[in-house]
Amino acid sequence: MENDDWIKDRVAYLKGVKARTEQQELLVLLADNPARTAQDSKKLSALVKAEKAAVRASKARQEVLNLLNAEKRAVKEEQRRARNHRLILQGVLIDLAGLEHRSRGELLGLLLAASTTEDPQRWASWKARGDALLAEKETQI
């Protein structure tokens, strides 16, 4: 009885599908034939088993895809959060340096000038001043 309901539901679904496999075609034909022979019933039973297995396999493939996509989404979300955190920290540095009133163009120009500086002493000097200010701010918190 339960199998009959599944067959009816599956045949109704398969009739709505544009491209059916040969097995699915035969399943529809045999299920719709009220005057089945014993051999036809045996074929129908085998086709039902195969179709149920195909449905289970399809569901399993979809579950795997969902898991993989969930992992990809989680990685992207973590990357987005890390990027946002980095950007916020960089913005805090602009505020600590007292440059928040400067335009974006001025700030970018300043950073471009610094990026072309090859003098290690200048970089060491900037680092020392920056580390000192950061240490001072840390003690205030």
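Predicted model: local features only at pLDDT ≥ 70, side-chain atom pairs only at ≥ 80, totals over all residues.
How many of the 141 residues of the protein chain count as buried? The share is 12%, where buried means under 20% relative accessible area, exposed means over 50% and partly exposed lies in between, using a 1.4 Å probe and protein chains only.

Residues are numbered from 1 along each chain as its sequence is written, and side-chain values use heavy atoms, with hydrogens and water left out.

The protein chain has 5 helices and 0 strands, counted as DSSP runs of H or I with at least four residues for helices, or E with at least two for strands, numbered from the N terminus. Its C-alpha atoms fill a box of roughly 95 × 30 × 30 Å along the principal axes.

Turning to charges, the structure holds 7 salt bridges, each a side-chain nitrogen of Lys or Arg within 4 Å of a carboxyl oxygen of Asp or Glu. One of them joins Arg10 to Glu51, with the closest N and O atoms 2.7 Å apart; because Arg10 lies in helix H1 (residues 2-16) and Glu51 in helix H3 (residues 38-96), the pair ties together parts that are 41 residues apart in sequence. Arg10 is buried at 17% relative accessible area, and Glu51 is buried at 5%.
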